[in-house]
Structure formats: C-alpha cells, structure tokens
Amino acid sequence: MPAFASYIAARGPPSSRRGVKKCEPDPYRLPGVRRGWLPVAVVVVGLIVGGPGCGRSPAGSTPAAAARPNFVVIIADDMAYGLLGPGRRFPFLPLPNLQGLAARGVLFDNAFVTTSLCSPSRASLLTGLYAHTHGVLVNESVELSPTVATYPQILQRAGYETAFVGKWHMDARTDAPRPGFDYWVSFRGQGVYEDPLLNENGHAVQRYGYTTDLLTEYALGWLRQPRTRPFLLILSHKAPHNPAVPAARHAAALADASLPEPSNFTDSYFGKPSWERRYARCGGTPSAYVECPDPQPERLPPWPWSSRDVPHLDYLRTLMALDDSVGSVLATVDGLGALGSTYVVFLSDNGLFLGEHRLGDKRLAYEESLRIPLVIAGAGLTPRRVSDVALNLDLAPTALDLAGLPVPAAMQGRSLAGALRGGAGPARASFLYEYQAESFLPVVPDILAVRTPSRKYVTYPRGPSDVELYDLVNDPSEMRNLAGRPEWAAAQAELRQELDRLLADTAAPR
C-alpha cells in the first residue's frame, strides 16, 4: 500500500487554563523542525516516543496475532451518499483513499439509517436498536441507558482492547469516558474544527490544530501500542458536519469546480404537505412561522442554483482531510501487518441534503437523508458491490458475528457477515424510519415511514392527513406524491399495513 499523506497541526501556545492538561513537552517539536505542518513520517516518530496524545493507553507487553479479528470503524458526520465508489457525484473531488477503500472492499449500494439525526443514529450504531428502543430520540440531551448493551461493551467483555476517539455526541453536558472503552478521547457536543478542548481518559487536554488531524493522531498512536489481544478502534470524526471548516491546506482547493444542479432541486412541493414548503422557504426554527405565515403557496416558485456555493464547496473541501485520515489509518494498520486480520468499516451517521429538494439538512424521509456510504474492507474480503439493504442497526450484530460472539436476541439489526463473504444479505421486505420532533426545530414534525425496495410511505402522526407515497422505481427523485390517488389506493393500504406491522414488531409506542 502506498504511503498516504497526512498532516498534524501543532500550533499556538499551550493553554494556561486552570485544570487543563497541557501537552508539554511538545512531542511534535523535534530538533531542527519548525512548529507548523509536519509530514506523517515525523508525526509517527513522535507517536512512537510519546504515545497517543499526552498519555498512553494500557497495552499488553508484546504484539501477538489475535485469534479473533480486529475492527477499525471510521465514522463520518453527515456525509452524503454517493460521494465515493463508481459513478460518484463529484468526480472533481479528490478522495483517493476513500476511493481506494471502496475499490478494495465490499461497497453497500443500499445502506440506510433508521433515524437521520446524529445522536439517535450513533446510538443505533452502537446498540443495533431502533431509536424508540434505545431511547436516544433527539440530539445532545439524552445519553444511552447503562442497561442497554453496546457492541464495544460486549467485545470488551470478550477480551478485546477497545478505544473511542472523536465525536460521541449524545449527552452534550459531559465528555467523560463512556462504558465499553479502555481508551477514550472525545469532546462535548458538536465540538470545533480547530483548537479543541479534549477529554483523554478523564483528563482535560487543550490541543492546537485541526481537529480531524488531531483525532487521527490519537488513533494512530493507540493503534501503534503493543498488544496481545484483538482490538476495536472507533474513530468518529466531526467532519464534514456543517458549518464546515476545511483544513488550511485545502481551503483553496476546488478553485475551478462547478457544482452540478441536483435533478430534484426544482421540486415545487406541489401535492406535498404544506409544512415542507414552509421548511424549504424559511427553515425549521420558530422564526419560520413569522417569515412564512400560512397559507403556504401550492407550489414553490423556482429560484436559481448556485454552482459555486461557498458553504457547499467548503463541505466538500472538509472531506479532503477526512480522506487523509482514512489513508493514514489504513497505512498504519497495514504497516503493523494487521490488515489481513482487521475489518475496516467506513460509514456516516446519517445522510445529508446537498441542495436536493432545495434543502441542506437531514431529518426528512427523502432518500438523500436516509442513504449513507458504507464500505467494509480488509480481513481478506473480496472486493464486491452489494445491492441488499443494509441498515445502521446492522453494524453491532455484524461486528459480534464476525468476532464469533453470540448476537443478543434483543438486537433489532441483522448481521451482514453473509453478504461480506459473498452470500446473501439479510432478507428484508422493508424497514422502519422514525424521527421525533425537536423543540428548536418545530416546523419538522414527528415522522414514521416505511421503505420497501420499490416504494416509500411517509406519515406524520400529529398531522394524520399529511401522507406521502413515492414510486422509487419510476420516480427515484421523489418529486410526485402519489398518496390519495385512486389508482394507488391498494398500494397505499398495503404500505400502511406494513408500517403498522413494523411498529408492532419493534414494540414502537403508538
């Protein structure tokens, strides 16, 4: 594997904040090297000498081959679908390491989340449960119950060394270490793109530099620690969550790029619930009710597409440092001789609108919100593309299955191990999508929906007359709401029954 470029920013004076651990002496200030951008070879020397961050993770005395596989799980934050793999949407965006990972691994073309919101989805990744089951229904204010088992906890009990580095993003009031991890580096809430205050194993550490690079530094340091047991590393990036801030080395990238207009940017929302027209025009906060009072127009008028939209371009530029991170992690695992025994998983916590339906967030039940990138590589897997549906709920049971451990019966996800090995994926006729309204964004209501391979049925429990039905085969952009049309009455009734079945089977509150 070629050497991958990755850089660490180590700039600014140490913090004088009381109670905050300082990274002194600076392990990246080597003799004869000025402070600033350091190539990966120099950073690796610093990590070998000083360990990850300002401290060290517990480790075994000598390296040894593990009977069970290792896992490296890299999570992007709000990374839209279709940015890697064949036919990607922005071929001008250089993501060589992610493209290489997709080419060498198993690429899931139909991967989805069951709640398109950071905290609920992250909890689902850990537990294999729907949001209404694990209880984390909204962002930042709720933590997983200690009675809910996570796959890191189960792996840890089975003898794995475990580490979490990056964005946890559940209860934002604390960045304290969570159960299931021997090594911990995180921050509160959304965090920042530059100069983060981190929590390393319960100690506050003020770091200076670009957060994507710093998190990668901690991950590489932990990977390089000698060990005798199999390991799990979760590297959970803040990037490319909006408002995106690219690394300084990428700030001027994509100078000649022209953003293509999405096919459904012209959505007029005719025949769709009126709240969606308010949301597209004025956003979801309480001010939208003042700025866009009722009645809403039946159709939204057209407005121009910006092919050089700066926030959109910065979002893409931010992915370039994330790509560097992926390359550095892969190179490190390979350099340790562990790639053949390590499953490398790359995915996003949810999808994102990049102008589709004139939107720029997630939450809604449209495809752009639900779909995520998902690649699993390493451990001798044969490169292939899988069309079977995969869900965020499936990560936990898949990891346990691949580790040779029993999957708890309570988990609602299903193992993808069969699909990884060339067999069939989980047989799914449909899956449930759910979203609970948030107080700061009252325009977007509660959502319950069902998606089948060819159709989608969306309901809003607090507005029972608002119903949407889409033919995903003939209308993949979801421009025409077919709900209420006589010729679709039978299909609508069947989908309603399927939604009711899913709600009953998953013990969802009604």
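Predicted model: local features only at pLDDT ≥ 70, side-chain atom pairs only at ≥ 80, totals over all residues.
## The chain as a whole

The chain has 510 residues, and 60% of them count as buried. Its secondary structure comprises 13 helices and 16 strands.

If you look at contacts between residues at least 6 apart in sequence, 69% of them join residues at least 24 apart. The accessible surface of the chain is about 19500 Å², and carbon and sulfur atoms account for 55% of that area.

## The largest nonpolar core

Nonpolar side chains tend to be buried together in soluble globular proteins. Here, the largest nonpolar core holds 57 residues. Those touching the most other members are Val 72, Met 79, Tyr 315, Leu 319 and Phe 346. Helix H9 gives the most to this core, with eleven residues.

Val 72 is a handy place to begin exploring. Leaving aside residues up to four places away in sequence, Val 72 touches Leu 223, Phe 231, Leu 233, Val 329, Val 333, Thr 342, Tyr 343, Val 344 and Val 345.

## Helices H2 and H9

Helix H9, residues 310–335, also packs against helix H2, residues 96–104. Their axes are 7 Å apart and meet at an angle of about 55 degrees. The two helices are therefore oblique to each other.

On the H2 side, the contact is made by Pro 96, Asn 97, Leu 98, Leu 101 and Arg 104. H9 brings Asp 323, Asp 324, Val 326, Gly 327 and Leu 330. Sorted by type, the residues of this contact are five nonpolar, two polar and three charged.

## Cis peptide bonds

The bond from Ala 239 to Pro 240 is cis, with omega near 0 degrees. Pro 240 sits in the loop between strand S9 (231–236) and helix H7 (274–282).

The bond from Asp 294 to Pro 295 is cis as well, again with omega near 0 degrees. Pro 295 belongs to the loop between helix H8 (287–291) and H9.

## Positive phi values

Asp 195 is not a glycine, yet its phi is positive, at about 50 degrees. This residue lies in the loop between strand S6 (183–186) and strand S7 (197–200). Asp 195 counts as partly exposed because its relative accessibility is 28%.

His 357 is another non-glycine residue with a positive phi, near 55 degrees. You will find His 357 in the loop between strand S10 (342–348) and helix H10 (367–370). With a relative accessible area of 0%, His 357 is buried.

How values were computed
Residues numbered from 1 in each chain as written. Heavy atoms only, no water. Axes fitted to C-alpha atoms, helices over the stretch in contact; angles between N-to-C directions. Helix = DSSP H or I, 4+ residues; strand = E, 2+ residues; numbered from the N terminus. Parallel < 35°, antiparallel > 145°, perpendicular 65-115°, else oblique. Contact = heavy atoms within 4.5 Å. Nonpolar A, V, L, I, M, F, W, Y, C, P; charged D, E, K, R; others polar. Core = buried A, V, L, I, M, F, W, Y, C linked by side-chain atoms within 4.5 Å. Buried < 20%, exposed > 50% of the residue type's maximum accessible area, 1.4 Å probe, protein only. Areas by Shrake-Rupley, 256 points an atom, 1.4 Å probe, with all protein chains shown as cover.
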